[in-house]
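This report describes a few parts of one structure for a reader who has not seen it before.

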Amino acid sequence: MPTSPSEAHDSSAFDLAVVGAGPAGLAAAVTAADLGLRCVLLDGGPSTGGQYYRHPAPGLGAARPDRLHHHWSAYTGLAERLAAHEGAGRAAFRGGHQVWALERTGDGFAVHVTRGPESTDRATVRARSVLLATGAYERQLPFPGWTLPGVVTAGGAQAMLKAGLVLPGRRIVVAGSGPLLLAAASSLVTAGAEVPAVVEATAYLGYARRPGVLASVPGKLVEGAGHGGALLRHGVRLRPRSAVVEAHGTDRVTGVTVARLDADWRPVPGTERRIDCDALAVGHGLLPQIDLATELGARTRTGPDGAVALEVDARLRTSVPGLWSAGETNGVGGADLALAEGELAAHAVAGALPTAPLLRRRARLRAFAELMAAAHRPGPGWTGWLRPDTDVCRCEEVPVSAVREAVDELGAGDPRTVKLLTRAGMGWCQGRMCGPAVACLAGSVVASGPDRRPLGCPVPLSQLAAGPSAEFDDRP
């Protein structure tokens, strides 16, 4: 419930701390402030918007950032409402504040934040409730040559374009699986890149299994048709049931080998074809970022695509009292679903009843998210394109042969044991890049159980050794 008037200026007693300022977090913070809660919105980035509404760097002088985004007006409307709440003292946004741990307290939560690895400045935010809107990161399935310069993630290519107004190359192959590929390819060709092919591991036939779900989200069909139209106008070829099985080059990628896949994602011998390029944007969907919640013991579920997400009830409450979750942390579903869930979660935290249209919208979009996940679930046969010397863990340079030795000869039967024996997953990314591949090679289908680690992001020892952190000051 909202703070009393006597607590109105107590920076250690927020009603709600929202972690993540993407679509879900921004919608949640604004709605909660509308409903009378005193909120703080925290994000490691310098501005609101998250990965989806990533802004061009201010020094670039971009006059029309809306051309790089879908539904930009939805973001600007929320940003304006947040600014009004900040001016009235009902909300505080703090960019550059990375949350590295959550801690249960007697009357709520201690949210531990840092201002980045180059600073010794830490603070603790006190809040009665916490809403996680930390989004997702890309799933990578390795292949020979994936560590070459010029090979980027599909989302990374979009981030380069949105934030830096640059392209990863001039002739870019887009590959992997999931709807992000069409969006990325459409953005790249519109920005002037040549995209010789979009290589999709599935055939999109999975969407036809539930026509009623598709019919209930006409906006998604229109969006997909828009991407498809852009690709057709630029002569981009869609190659379904195919994958990039090798990238070629020395100092930089110069081409890729594409092969047809069978129903289990095994490369079909004799179907290989080389495509020349100077960049490759590749990704196989997204994985929920749930570390902060799982460290508190929040229950999880495994989605249709094998990804581990948080388990929430109809009001988006996790199994941890006082902890809510909205958006991709509940299973990847896109910006529209994130906006709806952020608004719905804020109503739940405030004890207010949501509108019936909001509940119906969230139900339709969540059903579509489950359908989308099932349609793009990676097949177990993708390991057929690996070679013994292919690096699985890029950070620690652990090859496939080392992982298989740990499993076949040393008895490792799970990703954690493989990690202890090979160092796979011990690098800077903490297994976010190699985790699904290591899990698969260790015997899991796609993903392992939820990660449990005390730090949600890398924190220098100098910060941990600096003693108790200061209480958060919500003044600008």
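Contact here means that heavy atoms lie within 4.5 Å of each other. The model is a predicted one.

**Helix 2**

The buried residues of helix 2 pack against helix 1 (23-34), strand 2 (39-42), strand 3 (91-94) and helix 8 (335-350). These buried residues are Trp72, Tyr75, Leu78, Leu82 and His85. The arc they cover around the axis is only 145 degrees, which puts them on the same side of helix 2. On the face turned away from that buried side, helix 2 carries the exposed residues Ser73, Glu80 and Gly87.

The length of helix 2 can be checked as well. Helix 2 has 16 residues (residues 72-87), which at 1.5 Å a residue should span 22 Å; the C-alpha atoms at its ends are 23 Å apart, which agrees. Gly89 follows helix 2, and its phi is positive, near 80 degrees.

Three strands form an open sheet in the order 12-13-14, and their pairing is antiparallel. Strand 12 (242-249) and strand 14 (273-276) are at the edges with a single partner strand each, so one side of each has no neighbour in the sheet. On average, neighbouring strands of this sheet are turned by 30 degrees against each other, direction ignored. Strand 12 pairs with strand 13 (residues 253-260) in the antiparallel sense over 7 bridges. Glu246 has Thr257 in strand 13 opposite to it.

**Helix 10 and helix 11**

Helix 10 (residues 400-408) packs with helix 11 (residues 415-422) at an angle of about 115 degrees, and their axes are 10 Å apart. Their crossing is right-handed. The residues that make the contact are listed by helix below.

| Helix | Residues in the contact |
|---|---|
| Helix 10 | Ala402, Val403, Ala406, Val407 |
| Helix 11 | Val418, Leu421, Thr422 |

Which residues of helix 10 are buried? They are Val400, Val403, Ala406 and Val407. These residues cover an arc of only 130 degrees around the axis, which puts them on the same side of helix 10. What covers the buried residues of helix 10 includes helix 11, helix 12 (435-441), strand 20 (391-393) and strand 21 (398-399).

Conventions. Residues numbered from 1 in each chain as written. Predicted model: local features only at pLDDT ≥ 70, side-chain atom pairs only at ≥ 80, totals over all residues. Heavy atoms only, no water. Helix = DSSP H or I, 4+ residues; strand = E, 2+ residues; numbered from the N terminus. Expected span 1.5 Å × (residues − 1). Buried < 20%, exposed > 50% of the residue type's maximum accessible area, 1.4 Å probe, protein only. Arc of directions from axis to C-beta. Pairing = 2+ DSSP bridges. Axes fitted to C-alpha atoms, helices over the stretch in contact; angles between N-to-C directions. Left-handed = near helix turned anticlockwise from the far one by under 90°.
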